[in-house]
Amino acid sequence: MSGAVGREAVFPTRQSLGLMKNKLKGAEIGHTLLKRKSEALTKRFRDITRRIDEAKQKMGRVMQIAAFSLAEVSYAVGGDIGYQIQESAKQARFRVRAKQENVSGVLLPTFESYTQDGVNDFGLTGLGKGGQQIQRCRETYARAVETLVELASLQTAFLILDEVIKVVNRRVNAIEHVIIPRTENTIKYINSELDELDREEFYRLKKVSGKKQRDVAAADAEILAARQKAAEEQAAHPEAVEKEEKETKDVLGEDEDNDVIF
Amino acid sequence: MAASAATYKDRQFLAVIGDEDSVTGLLLAGIGHVTEPPESQRNFLVVDSKTETSEIERAFQNFTQERKDIAVLLINQHIAERIRHSVDTFTDPFPAVLEIPSKDHPYDPEKDSVLKRVRRLFGE
């Protein structure tokens, strides 16, 4: 596995070993951080999916109620008001604005619904009859749309989170399976090269000291030889020394002279 | 990817593609908007049995790709069924495409493109 990853193109020096070690440390920190980020996002993601599920169920109910109130309207008005409403729609009263929410560094937009005041396109709708039902229907639908907007923001968050989680997981895997093994490989390579250099150096030093020892031994032997030679020379002519010693005998010394008898 | 602020700041309207009752109800809630003339683009499309699929497709493309002021697109599920391919291939976060039930067609979670993705993600 790690053999396939290769290593980085660096010179095997102590400096780059330090750099690589730092890099490995950084990669490990980044890996744990990203892993944690991914976990946090996934937790949020599961939460959102659960809420989407719930909101979808709720939407079904709410829309059913809304459709029923619309049926009430057409019953009360006694005719189709669809066309009239479609034609009189001019300005949106019900609008959304997007806000941002920060989840572990990911900006998730959330929609927030608000009603634009002073806009009412249907002021005259249901003037003749069914005005009350129409009013109620509008309220019901406004609530339904609020639910829908909530669901839409959940869904948007779902899509964005999905994408972000994929990216983060890709990065986690890249660090785990490519960057860390490769850096480790590089460190191993640099270490082996440095060991090799160390061994060479050691061998060289050994050689040098061996040579020095030999030189010293040779010098010692020479001195010894010289001394021996000197000693031998001394041994060969001991009389000369003796004679000299005799010659230099103090005649006036303590040695008593033999009495001379005539 | 994480959308920058510019992509959704101007989005403030809801759009709807649906049958007459759904559209009427949603318009009553006040989501209807017609842009300034001369374009006078409506943000809703009423679909009945006579509406061509190509027209729905065009409206869908218009609401999702061309118009930059739509935050949420509501579409009846039975209409989404007719342009299922486009709905499924549209994966951008903006606008959020939401499938809603209609009066005649109750909501079926199995067909929803987002719920399908949810199910796929959890390996069901």
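Is A:L161 buried or exposed? In this predicted model, A:L161 is buried, with a relative accessible area of 0%. The residue belongs to helix α4 of chain A, which spans residues 131-236. Its contacts, leaving aside residues up to four places away in sequence, are A:L41, A:R44, A:F45, A:I48 and A:L108. A:L107 lies 54 residues from A:L161 along the chain, yet the two C-alpha atoms are separated by 9.3 Å.

Chain A as a whole has 5 helices and 2 strands. From the N terminus on, the order of these elements is α-α-α-β-β-α-α. Of the 262 residues in chain A, 32% are buried.

Helix α2 of chain A (residues 14-77) meets helix α6 of chain B (residues 113-121). The two axes come within 11 Å and cross at roughly 140°. Angles over 145 degrees would count as roughly antiparallel; α2(A) and α6(B) are therefore oblique to each other. The crossing of α2(A) past α6(B) is left-handed. On the side of α2(A), the contact is made by A:F45, A:T49, A:I52, A:D53 and A:K56. On the side of α6(B), B:L115, B:V118 and B:L121 take part. By class, this contact comprises 5 nonpolar, 1 polar and 2 charged residues.

Side chains of opposite charge can pair when their charged atoms come close. Over all chains, the structure holds 14 salt bridges. One of them joins A:E54 to A:R50, with the closest N and O atoms 3.3 Å apart. Both residues lie in helix α2 of chain A, 4 residues apart, or about one turn of the helix. A:E54 is partly exposed, at a relative accessible area of 47%. A:R50 is also partly exposed, at 46%.

A second pair in chain A links distant parts of the chain. A:K99 forms a salt bridge with A:E112, the closest N and O atoms being 3.6 Å apart. A:K99 sits in strand β1 (residues 94-103), while A:E112 sits in strand β2 (residues 106-115). The partners are 13 residues apart. A:K99 counts as partly exposed, with 42% relative accessibility. A:E112 is partly exposed as well, with a relative accessible area of 29%.

In chain B, B:D88 forms a salt bridge with B:R84. The closest N and O atoms of this pair are 3.6 Å apart. Both residues are in helix α5 of chain B (residues 84-89). Because B:D88 and B:R84 are 4 residues apart in that helix, about one helical turn separates them. B:D88 counts as partly exposed, at 33% relative accessibility. B:R84, at 13%, counts as buried, because its value falls under the 20% cut-off.

Salt bridges that share partners also build a network, which joins A:D47, A:R50, A:R51 and A:E54. The pair A:E54 and A:R50 described above is part of this network.

Note on methods: Residues numbered from 1 in each chain as written. Chains lettered and ligands numbered in written order. Predicted model: local features only at pLDDT ≥ 70, side-chain atom pairs only at ≥ 80, totals over all residues. Heavy atoms only, no water. Buried < 20%, exposed > 50% of the residue type's maximum accessible area, 1.4 Å probe, protein only. Contact = heavy atoms within 4.5 Å. Axes fitted to C-alpha atoms, helices over the stretch in contact; angles between N-to-C directions. Parallel < 35°, antiparallel > 145°, perpendicular 65-115°, else oblique. Left-handed = near helix turned anticlockwise from the far one by under 90°. Nonpolar A, V, L, I, M, F, W, Y, C, P; charged D, E, K, R; others polar. Salt bridge = Lys/Arg side-chain N within 4 Å of Asp/Glu carboxyl O.
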